[in-house]
Amino acid sequence: RPTDISDVERVFEIQSDWEVTRMLRMAAFPPDREDIEAWFADHGREWMAGEAYRFAVELQGRFMGVVDIDEISGWEGDLGYWFEQASWGHGYAREAAQAVVDFAFGTVRLRGLRSGHAAENAASGNVLLKLGFRPLDIVRVASRSRGQDIQQQRYVLSTPPISP
């Protein structure tokens, strides 16, 4: 489902876990509730403008993470995702991200997606490889949560070819 302002408290709780937030390039640690509220308050506008599509992932009615496509321009966008630590290793990230990739190519009609992860986060890389992303390169990027530059492995995925 699309994210909603009512998700803010749970997001704050999840991002208060250093093991989650240290892997997020743009999140603050410790998290700032007002920043999270402002970000979530803009999600509806982003969706209507076609700038970003952010989805809350739930299991049995409990919010467990986010999968999104943002920085959309020129028929391409960035796929991102993060989940509470308790959900790691169960295939939820791959399943939810696959649904969002299908949405990106099928509904939004994007032609390509980019994604990336902290180089030491092999589990995130495995998710992207299972989705069909191919490694592109490794670059230095600023990490807000860590307050320093990190190595980021970047990936790309093109729309599947259309059968004749």
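**Labels and their grounds**

Modeller: Helices (H or I, at least four residues) and strands (E, at least two) are DSSP runs, numbered from the N terminus. This is a predicted model, where local features need pLDDT of at least 70 and side-chain atom pairs count only at pLDDT 80 or more, while totals for chains, interfaces and linings use all residues. Residues are numbered from 1 along each chain as its sequence is written, and side-chain values use heavy atoms, with hydrogens and water left out.

Biologist: Which residues of α6 are buried?

Modeller: Ser124, Gly125, Val127 and Leu128 are the buried ones. Buried means under 20% relative accessible area, exposed over 50%, and partly exposed in between, with a 1.4 Å probe and protein chains only.

Biologist: What do the buried residues of α6 pack against?

Modeller: They pack against β3, α5, β4 (112-118) and β6. Contact here means heavy atoms within 4.5 Å.

Biologist: Which residues touch the most other members of the largest nonpolar core?

Modeller: Val67, Leu79 and Phe133 do, in a core of 26 residues. A nonpolar core is a set of buried Ala, Val, Leu, Ile, Met, Phe, Trp, Tyr and Cys residues joined through side-chain atoms within 4.5 Å. Among the elements that give two or more residues to this core are β1 (53-59), β2 (62-73) and α5 (92-106), and α5 gives the most, with eight residues. Leaving aside neighbours within four places in sequence, the contacts of phenylalanine 133 include Leu79, Val101, Leu128 and Tyr155.

Biologist: What makes β3 largely enclosed?

Modeller: Six of the eight residues of β3 are buried, so the strand is largely enclosed by the rest of the structure.

Biologist: How do you know that β3 pairs with β2?

Modeller: Two strands pair if DSSP finds at least two bridges between them. Seven bridges join β2 to β3, which run antiparallel, so the pair meets that definition. One of the bridges has glycine 65 partnered with phenylalanine 83 in β3. The two strands form a hairpin with two residues between them, and glycine 74 in the turn has a positive phi of about 55°. Three bridges join β3 to β4, which run parallel, and here glutamate 76 has glycine 112 in β4 as its bridge partner.

Biologist: Why is aspartate 78 with arginine 114 called a salt bridge?

Modeller: A salt bridge is a side-chain nitrogen of Lys or Arg within 4 Å of a carboxyl oxygen of Asp or Glu. For aspartate 78 and arginine 114, the closest N and O atoms are 2.6 Å apart, so the pair qualifies. It links distant parts of the chain, with aspartate 78 in strand β3 and arginine 114 in strand β4, 36 residues apart. Aspartate 78 is buried because its relative accessible area is 17%, whereas arginine 114, at 27%, counts as partly exposed.

Biologist: What does the salt bridge between arginine 1 and glutamate 58 tie together?

Modeller: The closest N and O atoms of arginine 1 and glutamate 58 are 2.9 Å apart. Arginine 1 lies in the segment before α1 (8-15) and glutamate 58 in strand β1, so the pair ties together parts that are 57 residues apart in sequence. At 39% relative accessibility, arginine 1 is partly exposed, and glutamate 58, at 38%, is partly exposed too. A search of the whole structure finds 19 salt bridges, and Arg10, Glu13, Arg62 and Glu84 are linked in a network of them.

Biologist: Is serine 87 buried or exposed?

Modeller: Serine 87 counts as buried, because its relative accessibility is 5%. This residue is found in the loop between β3 and α5. A polar atom of the serine 87 side chain lies 2.8 Å from the backbone oxygen of glutamate 84.

Notes
A polar contact is a pair of N or O atoms within 3.5 Å; within protein, one must be able to donate a hydrogen and the other to accept it, and residues adjacent in sequence count only if both atoms are side-chain atoms.
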